[in-house]
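Visitor: Please take a close look at one part of this model for me: its charged side chains. Then go on to the strands and loops in the rest of the chain.

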Amino acid sequence: MRADLPSTQQGMAIGLFLLALTVLVLALGTRAFRVSAGAGERATMRALADAKRQLLANAHGRQPTGVGGANNDNRPGSLPCPDLNAPGGADAGRAGLAGVASCNGTSDTPRLGRLPSLSMRQPMLYDSSGEPLWYALVRGLDDNDDSPLNDDFVPEGGKPWFALWSDGGRTTMSSAGDPVVAVVIAPGAIVAGQLRDTAVQQRNPVNYLEAATTAQGRFSNRDLALARFLDGPLSGADGDVQLNDRIVTIRRSELFVPVARRAAAEYQQLLALWAERKGGGRWPNPADPASGECTESGPKAVAGGCGPDASRCRGRLPKSVALTDDLDHAAFRPPGVSAAGWRARLATYHWLYRNRWEQQFFYAVGTRAIHDVPAGCAASPIVRGAVLPQGAALLAVMFGSGPVRSDLQPPQQRGSATQKAGLANYLDPPDGAMPALNRQGWDDPPPSPDEYALPSGNDSLYLLVDRNGTTAWLHAP
């Protein structure tokens, strides 16, 4: 600064310099804060995404080796109970409380806790504030429950599905057609009124997860009876943070579509094994879809009935246990395989009947490939719009039904034996001029013998084809 300036001008220059410096410091500080906040947000969202991957991998990777108990691997698609322990304790990261994992009772409390990463043999996950992630699931979906688990699942005991909103409740993040079955929550830093010092406080979700009432209604990230979750952040009228939880969801389709595909693939393996070992290259007949064993309900699956019916070429898949019982004889055991080894191999398919997956599939076989040839059936099924590999012949079809459709008229229902016996309660009307084409295959004869159409809605279709003497199942688009 020039020394020959008058003192008044020198003072004004110094003041302007200091003001400019202050503005620069504030601008840099604001930018640094924004960068820091943005990095924290990204870290939290990465942790939530990793948690979702942990849970889905755990559910989809279950091997059906157990029945009931603390690790029911007989229910692929089930999720672990939350961790109810205080962070830092001996059991932190493990499902349940103090080594006891149970969350399928009437109380909502055991279904909300921290993510049980160690029980899933995964690394612990934290949000950007350093807090472990929280997690909740709908009732009946946990891996301690042993009720049948398939596309017909609904929360047990009349409990609700979950739903998520954002933007203070103005934007829905879920849908009734594909409801939320679990949420993972990043609790964030402490907001007013929360205490996280003692083990008792650390086990209380009130000290981590918030609730809010807005113009769009009441929301709570800790009340599973309400089941209306709100993604933050949300500030009050005074500008203070009212809710800072960040949430990701697991929807029903994300959980069950891969399990249904696995069920279809393993059923196809079992049908092929039956054809190879017992059928002499011919495929088992469908089961009677109206039989009591094929339409059963309740908490346990019966290990009998619903087997191949020699009078049918259209119906349900036979129960997997009916097929494995057929094969559990020395005459059908592969050379070099012990009786115990053969029985253990067959037992890997038992999860299909224990979870009633046979109720989710329609199965039709043409007379050129079926084991027992009934009257009134075509040599090969016909599927309108299906494109087969060059030189291939269609031998059989298998439709997967997906969850019930409430948007159809009348809505699909699968509660009673009578409802379970109606094909229209499983398969959707295909697009085109003949909406009943896929829905009369066992209630009434099809409009043309064994003629079907590419599925619509949430149905799936698999085609058994023969090409130069080699058979294979194809997933039709």
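**Charged pairs, then sheet and loops**

Guide: Arg343 and Asp328 join their side chains in a salt bridge, 3.1 Å from N to O. This pair links distant parts of the chain, 15 residues apart. Arg343 sits in helix H5 (residues 339-347). Asp328 sits in the loop between helix H4 (320-327) and H5. A salt bridge here is a side-chain nitrogen of Lys or Arg within 4 Å of a carboxyl oxygen of Asp or Glu. Helices (H or I, at least four residues) and strands (E, at least two) are DSSP runs, numbered from the N terminus.

A word on the basis. This is a predicted model, in which local features need pLDDT of at least 70 and side-chain atom pairs count only at pLDDT 80 or more, while totals for chains, interfaces and linings use all residues. Residues are numbered from 1 along each chain as its sequence is written, and side-chain values use heavy atoms, with hydrogens and water left out.

Back to the pair. Arg343 is partly exposed, because its relative accessible area is 45%. Asp328 is also partly exposed, at 26%. The classes are set by relative accessible area: buried is under 20%, exposed is over 50%, and partly exposed is in between (1.4 Å probe, protein chains only).

The whole structure holds 24 salt bridges. Side chains of opposite charge can pair when their charged atoms come close. Take Arg111 and Asp108: their closest N and O atoms are 2.3 Å apart. Arg111 has 2% relative accessibility, so it counts as buried. Asp108 is buried too, at 18%. Now take Arg277 and Glu276, whose closest N and O atoms are 3.7 Å apart. Arg277 is partly exposed at 23%. Glu276 is exposed, because its relative accessible area is 53%. Salt bridges can also form a network: Glu41, Asp231 and Arg246 are linked in this way.

Next, the sheet. Strands of a sheet pair through backbone hydrogen bonds, either parallel or antiparallel. Two strands count as paired if DSSP finds at least two bridges between them. Here five strands make an open sheet, in the order E12-E13-E15-E17-E18, with antiparallel pairing. Strand E12 (314-316) and E18 stand at the edges. Each has a single partner strand, so one side of each has no neighbour in the sheet. On average, neighbouring strands are turned by 20° against each other, direction ignored.

Strand E13 (residues 361-365) and strand E15 (residues 393-400) run antiparallel, joined by five bridges. Phe362 stands opposite Phe399 in E15. Strand E17 (residues 460-467) and strand E18 (residues 470-476) also run antiparallel, joined by seven bridges. Tyr462 has His475 in E18 as its bridge partner. E17 and E18 form a hairpin with two residues between them. In the turn, Asn468 has a positive phi of about 55°.

Helix H3 (residues 252-277) lies across E13, E15, E17 and E18, at about 30° to E13. Axes are lines fitted to C-alpha atoms, for helices over the stretch in contact, and angles run from 0 to 180 degrees between N-to-C directions. Contact means heavy atoms within 4.5 Å.

Now Ser117. This residue is in the loop between strand E1 (112-114) and strand E2 (134-137). Ser117 counts as buried, because its relative accessibility is 1%. Beyond its neighbours within four places in sequence, Ser117 contacts Gln54, Gly93, Gln122, Pro123, Met124 and Leu125. Leu55 is 62 residues from Ser117 in sequence, yet 8.7 Å from it in space, C-alpha to C-alpha.

Last, some backbone details. The peptide bond from Gly232 to Pro233 is cis, with omega near 0°. Pro233 lies in the loop between strand E8 (228-230) and strand E9 (234-235). The bond from Gln409 to Pro410 is cis as well, with omega near -5°. Pro410 lies in the loop between E15 and helix H7 (417-420).

Ala98 is not a glycine, but has a positive phi of about 55°. Ala98 is in the loop between helix H1 (7-60) and E1. With a relative accessible area of 54%, Ala98 is exposed. Arg356, not a glycine either, has a positive phi of about 55°. Arg356 is in the loop between helix H6 (350-354) and E13. Its relative accessible area is 5%, so Arg356 is buried.
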